[in-house]
Amino acid sequence: MTTIPAFLPSPDAPARLALGEAPEPSPAPDEALVAVEAYSINRGEIFLLDAPRDGWRPGQDVAGRVERAAADGSGPPAGTRVVAHPPSGGWASRVAVPTDALAALPDDVPATTASTLGVAGLTALRLLRSAGSVSGKRVLLTGASGGVGHFFVELAAAQGALVTAASSSPERGERLLALGAAAVVADAEAAEGPFELVLESVGGASLTAALSRLAPRGKLIWFGQASREPGTLHFSVAGSAPFASIELFIYWRTGASDADDLATLVRLVAGGRLHPEVGLIADWHETPDALIALRDRRVRGNAVLTVG
C-alpha cells in the first residue's frame, strides 16, 4: 500500500498528535487531489484530538495546488492554486477534496494567508449572513480574539455595525480595534448593553451574561462553546429582553456552498477588504507545538503550518 506523510491522532504523544504514514488518497470522481502547501489549525480540531473517532484525521483548512483534477471534469484543472476545505485529512502532504469545497487562488494571495479561510472565514461570513443587516446596529461578539472573531469584526464593521468585541487579551484587543471594533471589553459581563445582536461563542457563564445584554426584539446567535462549559440559561434572564430570540448556529448546516463562499473570501482578501490574522507561521513538523500554543492562548488569530 502506498502511503504519504501525515499527522495522525496519537493519545500518548505531545498534543495527542504524531507524524506518521497514512494511505495515499484515492479521490472520488468529484474530488481533486491537492498537494498541500499550508494548513491552519482551528480550535475545534484541538477538541476533537482529545477523543478522536476511529479513522478520523485532522485537517480542514488547506491551501495548495491541484495535483490531479477531478475525474468527472468538475472543479479547477491540474496546476491551479487553490484554497480547500476538506472534511478531514488536510494535515498531510496531499489530500482529496470535493470540488464543491475548492476555490481558485490568484497569485497575489499567499497559501499561508488562504489557509486561514476555511472554518474561521466561512463561519464569520455565514454568521454575518445569518444576522441579516447589521448597519448601524450595536453588536456584541464574545470570544473575539480567535480567527472567527477577527474576520467577523472586520466584515461587520465594514457594513456599519458598532461591534463590541470581548477579548481577555489587551494585545488582541488592539488588533480588533484596528480592524474596526467600536470597543473592546474583557468579557460579556463588562459589556455595556443593550445590543440588538449578540454572538456568543464561549458558553458557560458567558452565555447568561451575553443574553442579559440583549435588547428587546434582539437576537442572540449561539455558535460555539470554547470554554467547554455547558451554558446555563435562567428564565428570568431570558425574560429581560422581551420578544428576543436565541438561534443555534452551526456553520456547515447553513446550506451554503463552500466553493462559492471560499471564492467570496478570496475576492475580499485579494481586494484588500479582509485581512486574515496570522499569529504563527511554522514548518509543519512543529504542528504539535503550535497546537499547544493555541490551546494555551499564546497565538493571536490563526496558526499556520507550511508543508515542504
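Biologist: Which residues in helix H5 are buried?

Modeller: This is a predicted model. Helix H5 runs over residues 170-178. Buried here means under 20% relative accessible area. The buried residues of H5 are Arg172, Gly173 and Leu176.

Biologist: How wide is the arc that the buried residues of H5 cover around the axis?

Modeller: The residues in question are Arg172, Gly173 and Leu176. They lie on the same side of H5, because their arc around the axis is only 105 degrees.

Biologist: Which exposed residues sit on the face of H5 turned away from its buried side?

Modeller: The buried side of H5 packs against H4, strand S9 (162-166) and strand S10 (183-185). The face turned away from that buried side carries exposed residues, and these are Pro170, Glu171, Glu174 and Ala178.

Biologist: Is Thr142 buried or exposed?

Modeller: Thr142 is in the loop between strand S8 (138-141) and helix H4 (147-158). Its contacts beyond four places in sequence include Ala166, Leu199 and Val202. The relative accessibility of Thr142 is 1%, so Thr142 counts as buried.

Biologist: With which side chain does the side chain of Thr142 make a polar contact?

Modeller: Among the residues that Thr142 touches are Glu200, Ser201 and Ser206. The polar contact made by the Thr142 side chain has a distance of 2.6 Å, and its partner is the side chain of Glu200.

Biologist: Which backbone oxygen does the side chain of His85 reach?

Modeller: His85 is placed in the loop between strand S5 (81-84) and strand S6 (94-98). With 6% relative accessibility, His85 counts as buried. Its contacts beyond four places in sequence include Gln60, Asp61 and Asp258. At 2.9 Å, the His85 side chain reaches the backbone oxygen of Gln60.

Biologist: How far apart in sequence are the parts tied together by Asp258 and Arg126?

Modeller: Asp258 and Arg126 form a salt bridge, with the closest N and O atoms 2.8 Å apart. Asp258 belongs to helix H8 (residues 258-270) and Arg126 to helix H3 (residues 119-131), so the pair ties together parts whose separation in sequence is 132 residues.

Biologist: Which residues are linked with Arg126 and Asp258 in a network of salt bridges?

Modeller: Side chains of opposite charge can pair when their charged atoms come close. Arg126 and Asp258 are both buried. The network that links them also contains Arg129 and Asp261.

Biologist: How many salt bridges does the structure hold?

Modeller: One of them joins Glu67 and Arg94, with the closest N and O atoms 3.8 Å apart. Another joins Lys219 and Glu247, at 3.5 Å. The number of salt bridges in the structure is 11.

Technical notes: Residues are numbered from 1 along each chain as its sequence is written. This is a predicted model: local features need pLDDT of at least 70, side-chain atom pairs count only at pLDDT 80 or more; totals for chains, interfaces and linings use all residues. Side-chain values use heavy atoms; hydrogens and water are left out. Helices (H or I, at least four residues) and strands (E, at least two) are DSSP runs, numbered from the N terminus. Buried means under 20% relative accessible area, exposed over 50%, partly exposed in between (1.4 Å probe, protein chains only). A polar contact is a pair of N or O atoms within 3.5 Å; within protein, one must be able to donate a hydrogen and the other to accept it, and residues adjacent in sequence count only if both atoms are side-chain atoms. Contact means heavy atoms within 4.5 Å. The arc is that of the directions from the helix axis to the C-beta atoms. A salt bridge is a side-chain nitrogen of Lys or Arg within 4 Å of a carboxyl oxygen of Asp or Glu.
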